[in-house]
Each structure stands twice: as structure tokens, then as C-alpha cells.
Amino acid sequence: MPGTADFVQSFRLANYLDYAREYATQFGRSFLYAGLATFAALVISFRWPT
Amino acid sequence: MVAPFFCSFILRTLAWKQILADDGYVVSALKFVHVLAPDQSLLASSFAVVAGITYNFLPFMTLPLYSSLERIDPRLLEAGYDLYGGPFTVLRKITFPLSMPGVVAGTLLTFIPAAGDYVNATLLGRQPATQMVGNVIQARFFDLVDYPAAATLSFILMAAILALVLAYVRRAGTEELV
């Protein structure tokens, strides 16, 4: 297992954009699933105490 | 409602795997009434993942909302009904606006951990089409030992959630929560 000392900071900020583009589908799916689950939990919770 | 949550997160998710299994009662009943086709299944689908996330994070929504609803004066609801408001109108005009602090707190407490979750997608999704970004981070970190990529993806996720939360809180008008 490599340690943190095995990596060198290159300050290549374009990495963030590259990875955001590469995994845009998974990011979108995460927010979609989380949004749907939040909405479902909100609806269920409003019904629960009544 | 809180009782099942004394048990481990993983065990509860595995229980859902049994509930939604192809030879389980739920799928058999849905196939019997022709809601599901004979070759269809609930596991390894977006539905299973969203159902698992909803169940696992439900108390984070219910508890703040309950404490908010409990503080509403029942006389306000009675006044709404006296003014010929139906149950839906009373909910929309009185109950929901008065419970907004609980709604905002609950949605934040549910959405933030749900967006980074990977256990439900791993156990209930089990296919690339239901993979969330948490699965990618987990694979990069533990399977590929690619720490820089995992750190980059984690930072992007954190920044995106922060931006969404700030926009939501500004719109909901309860800046005191941040």
C-alpha cells in the first residue's frame, strides 16, 4: 500500500474538471437518487405522525 | 420507528436484499398481480437503491420534522378547517409553512449522507447502471489504491454538495442552519 509520501503535489487543477467530466453520470445519479430518497422520506415523514 | 435502527446499517440493507429478492414475497406478489413481468426483478435496479437509501436515512428526516410538527399550535389547524380548508389545503397553507425549519433540517440531514452513500448501490444495485459516485471513490481508494483520484472525486463531491446546500438554504430562507 502506498503512503501519502509516495505522491507529489503537482497543482494541476484541471484534474478536478477532468474527473468531474469523466464521472458526470455517477455524480448525476448520486444526486438524483439522493434527491428521490429525500423526497420519499419527506412524504413518508409527513404521513408518519398523523 | 427508531427500533430497527439499533441494528447495524449493513444488516438493515442486507434485510432489504432479502425482502426484494427474486424468490421473496414482494416480487412473487407483484408478479402474481402482473405489476412485474415474469422475467423482471426488483433487485439490481434503481428502485431497490432508492428504496434502500430512503429506508436507511428515514429517521434523519422524521425526527427533526416530528419535533417541528409537535410545536405547531393545533388551534391553527382547527381554524384552517373552520375556514373550510380541506386536509390538503390545511397541509399546504398551515402545516407545511410552519414546519419549514424541520423540513430544511431533515432534507439536509438526509440528502448529504445519501449523496455520498455507496453501501445501498453495492448491495441492492449490483450493476454499473446503478453505480453512484461513492462506489467509484470506494473502488479507487480500496481496490485500485489510487489515492489522488479518490481524493479528487471526494473533493468534487464535497464542493458540489456544499454548492447545492448553500443554494437550497438561501432559497428556503433559514441561513441560521449553516
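**Model and confidence**

The model is predicted. It scores ipTM 0.88 and pTM 0.88. For chain B, the mean pLDDT is 90, and 97% of its residues reach 70 or more. Where pLDDT is low, predicted coordinates should not be read in detail.

**Chain A**

Chain A has two helices and zero strands. The chain has 50 residues, of which 24% count as buried.

**The contact between the chains**

Chain B brings 32 residues to the contact and chain A brings 26 residues. On the side of chain B that touches chain A, α3, α6, α8 and α9 each supply at least two residues. The largest share of that side is 11 residues, and it comes from α3(B). By class, the residues on that side of chain B are 24 nonpolar, eight polar and no charged.

**The largest nonpolar core**

Which residues have the most contacts inside the largest nonpolar core? They are Ala37(A), Ile53(B), Phe57(B) and Val133(B), in a core of 35 residues. Both chains contribute helices to this core. From chain A comes α2 (24–47); from chain B come α3 (46–70), α6 (100–115), α7 (119–125), α8 (133–143) and α9 (147–172), and each supplies at least two core residues. Helix α3(B) gives the largest share of the core, 11 residues.

Ala37(A) shows how the chains meet. Leaving aside residues up to four places away in sequence, Ala37(A) touches Val50(B), Ile53(B), Thr54(B), Phe57(B), Thr110(B) and Ala114(B). Two of these partners, Ile53(B) and Phe57(B), are themselves listed among the residues with the most contacts inside the core.

**Helices α4 and α5 of chain B**

Helix α4(B), residues 74–82, packs with helix α5(B), residues 87–98, at an angle of about 145°. Their axes are 10 Å apart. The crossing of α4(B) and α5(B) is right-handed. On the α4(B) side, the contact uses Leu76(B), Leu77(B), Gly80(B) and Tyr81(B). On the α5(B) side, Val90(B), Lys93(B), Ile94(B) and Thr95(B) meet them. The contact of α4(B) with α5(B) has five nonpolar, two polar and one charged residues.

Phe155(B) lies in helix α9 of chain B. Phe155(B) counts as partly exposed because 13 C-beta neighbours lie inside 10 Å.

Most residues other than glycine have a negative phi. His34(B) is not a glycine, yet it has a positive phi of about 65°. Ala44(B), also not a glycine, has a positive phi of about 60°. His34(B) is found in the loop between α2 (25–32) and α3 of chain B. Ala44(B) lies in the loop between α2 and α3 of chain B as well.

Are these sites buried or exposed? The table sets out the values.

| Residue | Phi | C-beta neighbours within 10 Å | Exposure |
|---|---|---|---|
| His34(B) | about 65° | 8 | exposed |

His34(B) counts as exposed because it has 8 C-beta neighbours inside 10 Å, and 12 or fewer is the cut-off.

Conventions:
Residues are numbered from 1 along each chain as its sequence is written. Chains are lettered from A and ligands numbered from 1 in the order in which they are written. This is a predicted model: local features need pLDDT of at least 70, side-chain atom pairs count only at pLDDT 80 or more; totals for chains, interfaces and linings use all residues. A nonpolar core is a set of buried Ala, Val, Leu, Ile, Met, Phe, Trp, Tyr and Cys residues joined through C-beta atoms within 7 Å. A residue is buried if 20 or more other C-beta atoms lie within 10 Å of its own, exposed if 12 or fewer, and partly exposed in between; C-beta atoms are placed from the backbone. Helices (H or I, at least four residues) and strands (E, at least two) are DSSP runs, numbered from the N terminus. Two residues are in contact if their C-beta atoms, placed from the backbone, lie within 7 Å. Ala, Val, Leu, Ile, Met, Phe, Trp, Tyr, Cys and Pro count as nonpolar, Asp, Glu, Lys and Arg as charged, and the others, Gly among them, as polar. pLDDT is the predictor's confidence in each residue, from 0 to 100. Axes are lines fitted to C-alpha atoms, for helices over the stretch in contact, and angles run from 0 to 180 degrees between N-to-C directions. A crossing is left-handed if the near helix is turned anticlockwise from the far one by less than a right angle, and right-handed if clockwise.
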